[in-house]
Amino acid sequence: RVGGPRALHSGPKHVVRLGMGFYTAYHWLPWFLKRLRAEVPDLDVEIVAGAARRPLDMLGDGGIDLAIVAGEPAQGGIKTERLFGDELVAIMAPDHRLAGKPHVEAEDFTAEDYLSYSRTIMPGHEHDRLFRPANVHPRRYITVELPEAIVELVAAGFGVCILAAWAVAPHLRWGVIAAAQVTADGLPIDWYAALREADGADSPGHRLAGALAASCRETPDAFALR
């Protein structure tokens, strides 16, 4: 659980179990928690890292109360609140042949080892929007289930990948990897807070989602902060 000592709070705390789809990057969390404690002090956050692979299933099963997911899920009983707009970017080692290009196309990956965090083709992501329409694929797929491990391997020159820009923002600032826009038009993608509709607007999960959405509206690059 992430939160301050209970002695600092005069009222009861409502714990919201939060999971993030596919990513386990929480560099944005300290920034948000500072705002949350000041504005909604009766809420506390518990991170459920195991929700990364199946966030909506765990939401439906009651394993988590709020899921942060890419794209708006079309699933009954789920209510969503848009958080922010982002894009998918290609990442590579700073000395890679693709580093410095204004943008990359599907054909640029045909000679590359591609590090992928899932063998499943996700609607709205790179396989669905880039490789399949162009009918081209990377030279080889290597499955690495942790995006953080993918970044380390990319930095060391073991392959390339396409990930959410916000998730790799700290690594880009540190200069350990380089990034390029994917296609001349980019690959935009929206992120949402997903909740159980049955929980109601006054539930801790819905209140946390509202606070998170308000923070993102005020600071659009909130998830890229560290």
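This is a predicted model: local features need pLDDT of at least 70, side-chain atom pairs count only at pLDDT 80 or more; totals for chains, interfaces and linings use all residues.

Residues are numbered from 1 along each chain as its sequence is written, and side-chain values use heavy atoms, with hydrogens and water left out.

Begin by selecting Tyr23, Trp28, Ile68, Trp166 and Phe223, which have the most contacts inside the largest nonpolar core, a set of 64 residues. A nonpolar core here means buried Ala, Val, Leu, Ile, Met, Phe, Trp, Tyr and Cys residues joined through side-chain atoms within 4.5 Å, where buried means under 20% relative accessible area, exposed over 50% and partly exposed in between, using a 1.4 Å probe on protein chains only. Strand β4 (residues 78–92) gives this core its largest share, seven residues; strands (E, at least two residues) and helices (H or I, at least four) are DSSP runs, numbered from the N terminus.

Stay with Trp28 and, leaving aside neighbours within four places in sequence, find its contacts (heavy atoms within 4.5 Å), which include Met20, Leu212 and Ala222.

Next select Ser215 in helix α6 (residues 204–218), which is buried at 2% relative accessibility. Beyond neighbours within four places in sequence, Ser215 is in contact with Trp31, Phe32 and Arg35.

Finally, select Phe22, in the loop between β1 (14–20) and α1 (29–39), and Thr183, in the loop between β9 (178–182) and β10 (187–196). Phe22 has a positive phi of about 70 degrees without being a glycine, and Thr183 likewise has a positive phi of about 70 degrees.
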